[in-house]
Amino acid sequence: MRGSDAAAPPGSDVEAVDDAPHGRPAADATARPVLVLGGTAEANALVKALRQRWPERRLILSLAGRTRSPELPEDAEIRIGGFGGAEGLAAFLLAESVSLVVDATHPFAAGMARNAARAADLAGLRRLKLLRPEWCPVAGDCWTPVTCLAEACRALPAGARPFLALGRQHLSPFTRRSDIRPLARMIEPPEPALPAGWTLILSRPSSDRCAEADLMRAHGITHLVTRNAGGAASYAKVAAARDLGLPVIMIARPPSPAGAVFETVEDVVGAIG
Ligand code: NAP
């Protein structure tokens, strides 16, 4: 576990602590639902692990609804769409008698993380954060750390041919640079269309570093621009950049709200008790 969690050290039964939010009669916390805020593979894995731990318990997995056909575990009730800010989420938590919130959203889903923290406070519930470890540079890496997309854009020299491994909603600062020729990869076509001079590849990231290196070599890439998402699934491009000796503009994660942070599904399950 990382971060501060003075009220609930690792391994404690965190739910028992907050069993009676807002003066409600105390019920057996393990009979009340768990809300998992998802949209990540870790959230799905957590749902499966919680289902094994509690075969009968109501588990709610919440998604924003950004992906048309998300991969979903069979083990939970799925709800899709925003809650209407922190207050809306707090109202949901109370209406559904949720006993525990696990924020397992993506490391860059900063708004939802803030809302989850505020809503759990409003509802008097404990919240746990599942956050996969970030990538760290190793020997052979040549990273320029930056804090945001705009800074990443400024870090690119004129004439660069960057591979923007960012997702279509994060490209707009780069579209204002007419002196670079980016390669952009995304799953669904961009709207509006990309500027002239850009190269678009419609595909998912590969988990094969050789395939990622072949792609970068074939397109004459000079820089990789990526966010520090962490995890194994999308690390291949970072390893491929190292193999090719390419500089990487690495966008740091937004800070997490204060509170308990767990890096693995096992750690979260262990902390719940
Ligand atoms: P965000 O900016 O932090 O959240 C924006 C709003 O989307 C939230 O205020 C909330 O709306 C709604 N929302 C986000 N996650 C939700 C969830 N799990 N369940 C219900 N509503 C949710 O989030 P984002 O970066 O757009 O990411 C959206 C979702 O995609 C997240 O679930 C995240 O785990 C997943 N995801 C994000 C990324 C990424 O790069 N950011 C990558 C992969 C997957 P209300 O205020 O109306 O409640």
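Guide: Let's start with what makes a helix here: a helix is a DSSP run of type H or I with at least four residues, numbered from the N terminus. The model you're looking at is predicted.

Visitor: Now the sheets. What order do the strands take in the one that holds β1?

Guide: This open sheet of 6 strands runs β3-β2-β1-β4-β5-β12, and the pairing is parallel. At its edges are β3 (77-80) and β12 (261-262), each pairing on one side only.

Visitor: How do you know that β5 and β12 pair?

Guide: Pairing takes at least two bridges. Between β5 (residues 126-130) and β12 there are 2, so they meet the cut-off. K129 stands opposite V261 in β12. Helix α9 (residues 265-272) packs on this sheet, touching β4 (100-103), β5 and β12, and its direction makes about 160° with that of β5.

Visitor: And what makes β1 and β2 a pair?

Guide: β1 and β2 share 4 bridges in the parallel sense, and at least two are needed, so this counts as a pair. V36 has L61 as its bridge partner in β2. Both faces of β1 are covered, with V34 and V36 buried on one side and L35 and L37 buried on the other.

Visitor: Which residues touch the most other members of the largest nonpolar core?

Guide: V36, L46, L93, V101, V102, L130 and V268 do, in a core of 37 residues. Elements giving two or more residues to this core include β1 (34-37), α2 (41-53), β5 and α9. The largest share, 6 residues, comes from α4. Setting aside residues up to four places away in sequence, L46 touches V36, V102, A104, L130, V265 and V268. There's also a second, separate core of 26 residues, with F163, A184, M186 and A240 among them.

Visitor: What order do the strands of the sheet with β6 take?

Guide: 6 strands line up as β6-β11-β10-β7-β8-β9 in an open sheet with parallel pairing.

Visitor: Why are β6 and β9 called edge strands?

Guide: β6 (143-146) and β9 each have a single partner strand, so one side of each is left without a neighbour in the sheet. From one strand to the next, the twist averages 20°. β8 and β9 pair over 4 bridges in the parallel sense, and R185 stands opposite I201 in β9.

Visitor: Why is I187 called exposed?

Guide: I187 has 12 C-beta neighbours inside 10 Å, and 12 or fewer means exposed, so I187 falls in that class. Its place is the loop between β8 (183-186) and β9 (199-202). Leaving aside its neighbours within four places in sequence, I187 is in contact with L202 and R204. The C-alpha atoms of I187 and S203 are 4.9 Å apart, though 16 residues separate them along the chain.

Visitor: Which residues of α8 are buried, and what covers them?

Guide: In helix α8 (residues 236-244), the buried ones are K237, V238, A240, A241 and R242. To be called buried, a residue needs 20 or more other C-beta atoms within 10 Å of its own. Their cover includes β7 (162-165), α7 (209-218), β10 (223-227) and β11 (248-251). α8 lies across β7, β10 and β11, at about 155° to β10. Just after α8, G245 takes a positive phi of about 70°.

How values were computed: Residues are numbered from 1 along each chain as its sequence is written. This is a predicted model: local features need pLDDT of at least 70, side-chain atom pairs count only at pLDDT 80 or more; totals for chains, interfaces and linings use all residues. Two residues are in contact if their C-beta atoms, placed from the backbone, lie within 7 Å. Axes are lines fitted to C-alpha atoms, for helices over the stretch in contact, and angles run from 0 to 180 degrees between N-to-C directions. A nonpolar core is a set of buried Ala, Val, Leu, Ile, Met, Phe, Trp, Tyr and Cys residues joined through C-beta atoms within 7 Å.
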